[in-house]
Amino acid sequence: MTDVPAAARTRVVEGLSGLRIETPSWGYANSGTRFKVFAQPGVPRTVHEKIDDAATVHRFTGAAPSVALHIPWDAVEDYGALADHATERGVRIGTVNANVFQDDAYRLGSVCHPDPAVRRKAVRHLLDCVDIMDGTGSRDLKLWFADGTNYPGQDSIRRRQDRLAEALREVRDRLGGNQRLLLEYKLFEPAFYTTDVPDWGTAFAHCLELGDRARVVIDTGHHAPHTNIEFIVAVLLRLGKLGGFDFNSRFYADDDLMAGAADPFQLFRVLCEIVQADALRPDSGIAFMLDQCHNVEPKIPAVIRSVMNVQEATAKALLVDTAALAEAQRSGDVLGAHAVLMDAYDTDVRPLLAALREDAGLAPDPIAAYHRSGHADRLSAERAGGRQAGWGA
Ligand SMILES: [Mn+2]
């Protein structure tokens with residue numbers, strides 16, 4: 001890549017070397033829509049095989065060294081042994097996602113449910129998830145609640161917030177070491193009238209009350225159309241309350257498509273805010289995760305592609321000439337400032353990324369290398385029989 005100045009190239013190399021993208025165990029399992037879950041050949045039957053697939057993505061990308069679990073989908077007896085399995089495969093277990101939305105008891109909600117017995121059951125599960133984190137060595141507990149109401153008058157909006165706060169406090173008090181609570185928000189669905197954590201403001205208010213261990217996680221698919229997500233990123237970074245991302249793409253609602261597929265420019269704008277706040281570094285405490293499912297496309301190459309998309313957006317964000325941008329902004333040069341950003345975005349970073357991969361001993365084109373490897377055919381042959389893992393929906 002000859003047209004990138006040496007200093008910019010160094011910035012990209014250094015920035016990308018710290019970028020770690022966590023992949024989701026459920027992204028390797030069968031998934032679909034509320035109409036149909038489609039089975040694919042070679043899909044994992046167990047959480048161990050999901051971890052193996054995450055390890056495959058890491059082997060080809062060198063940038064995805066951890067895999068997130070979803071509990072109870074990935075429940076096992078011995079989490080220490082599961083962590084050992086991950087280590088043997090060259091990855092580690094990352095964020096634990098607590099699932100309190102697939103039990104008949106949760107029809108009217110989980111931690112916000114009007115019945116204290118149901119709330120207790122839900123909180124018990126969240127506390128169990130912290131036990132699991134102790135076993136796996138995970139730092140983050142990611143909480144997304146399907147709680148809400150469908151009809152005006154169905155329940156007290158305010159009382160539900162009180163119940164949520166009480167549950168979160170109990171979970172916060174159970175955390176130890178470097179463990180954190182990441183609170184995720186989502187505009188709507190499955191509830192349609194009110195959602196108990198619908199937006200970053202509500203998530204932020206709870207995290208503020210909870211203190212240092214609690215941060216907001218931004219799922220890029222969980223907003224109203226045209227929401228300026230990079231604005232939310234900038235505000236939360238400024239407040240020290242951004243915990244991480246669930247990257248994916250959306251056209252309509254919570255589509256969970258591959259990150260960078262629907263709007264690569266938005267992904268670039270989000271990563272520009274991260275880079276400008278020097279928050280790419282692993283010690284910045286921002287968790288970069290994918291939260292996707294692959295319903296119509298083969299899963300492992302789709303995850304590889306998503307990791308590459310995040311890397312490309314990050315590389316472009318690192319190419320922004322920050323000195324020129326600051327000067328243009330200071331002098332009120334609107335068009336000049338915009339041009340600095342667009343120059344970076346319009347740069348084809350693929351040759352640079354290919355060269356960096358080769359320097360790291362990786363194939364320059366991870367997708368092509370994956371297809372050449374015959375791995376998919378091997379998985380299809382090896383994973384015959386048994387019951388494929390799925391959503392559990
Ligand atoms: Mn998510």
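Okay, let's start with a packing question: what do the buried residues of α1 pack against? They pack against α8 (264-276), α9 and α12 (350-359). Contact here is C-beta atoms, placed from the backbone, within 7 Å of each other. Helices are DSSP runs of H or I with at least four residues, strands are runs of E with at least two, and both are numbered from the N terminus.

Quick housekeeping. This is a predicted model, with local features needing pLDDT of at least 70, side-chain atom pairs counting only at pLDDT 80 or more, and totals for chains, interfaces and linings using all residues. Residues are numbered from 1 along each chain as its sequence is written.

Back to α1. The buried ones are R11, V12, G15 and L16. Buried means 20 or more other C-beta atoms within 10 Å of the residue's own, exposed means 12 or fewer, partly exposed is in between, and the C-beta atoms are placed from the backbone. Looking down the axis of α1, the buried residues fall within an arc of 115 degrees, so they line one face of the helix. That arc is taken from the directions from the helix axis to the C-beta atoms. The face turned away from the buried side carries A6, A7, T10 and E14, which are exposed.

And the length? The helix covers residues 6-17, and at 1.5 Å a residue its 12 residues should span 16 Å; the end C-alpha atoms are 16 Å apart, which agrees. The expected span is 1.5 Å times one less than the number of residues.

Now the core. The largest nonpolar core has 103 residues, and L183, V216, L271 and V307 have the most contacts inside it. By nonpolar core I mean buried Ala, Val, Leu, Ile, Met, Phe, Trp, Tyr and Cys residues joined through C-beta atoms within 7 Å. Take L183: leaving out residues up to four places away in sequence, its contacts include L143, V197, H206 and V216.

Which residues does the cis peptide bond with omega of about 25 degrees join? I71 and P72, with P72 in the loop between β4 (66-71) and α3 (79-88). Another cis bond joins E189 and P190, omega about 5 degrees. E189 sits in the loop between β8 and β9, and its phi is near 80 degrees, positive in a residue other than glycine. E189 counts as exposed because it has 12 C-beta neighbours inside 10 Å.

D278 isn't a glycine either, yet its phi is positive, about 55 degrees. You'll find D278 in the loop between α8 and β12 (287-290), and D278 is exposed, with 10 other C-beta atoms within 10 Å.

Terms used: Two residues are in contact if their C-beta atoms, placed from the backbone, lie within 7 Å.
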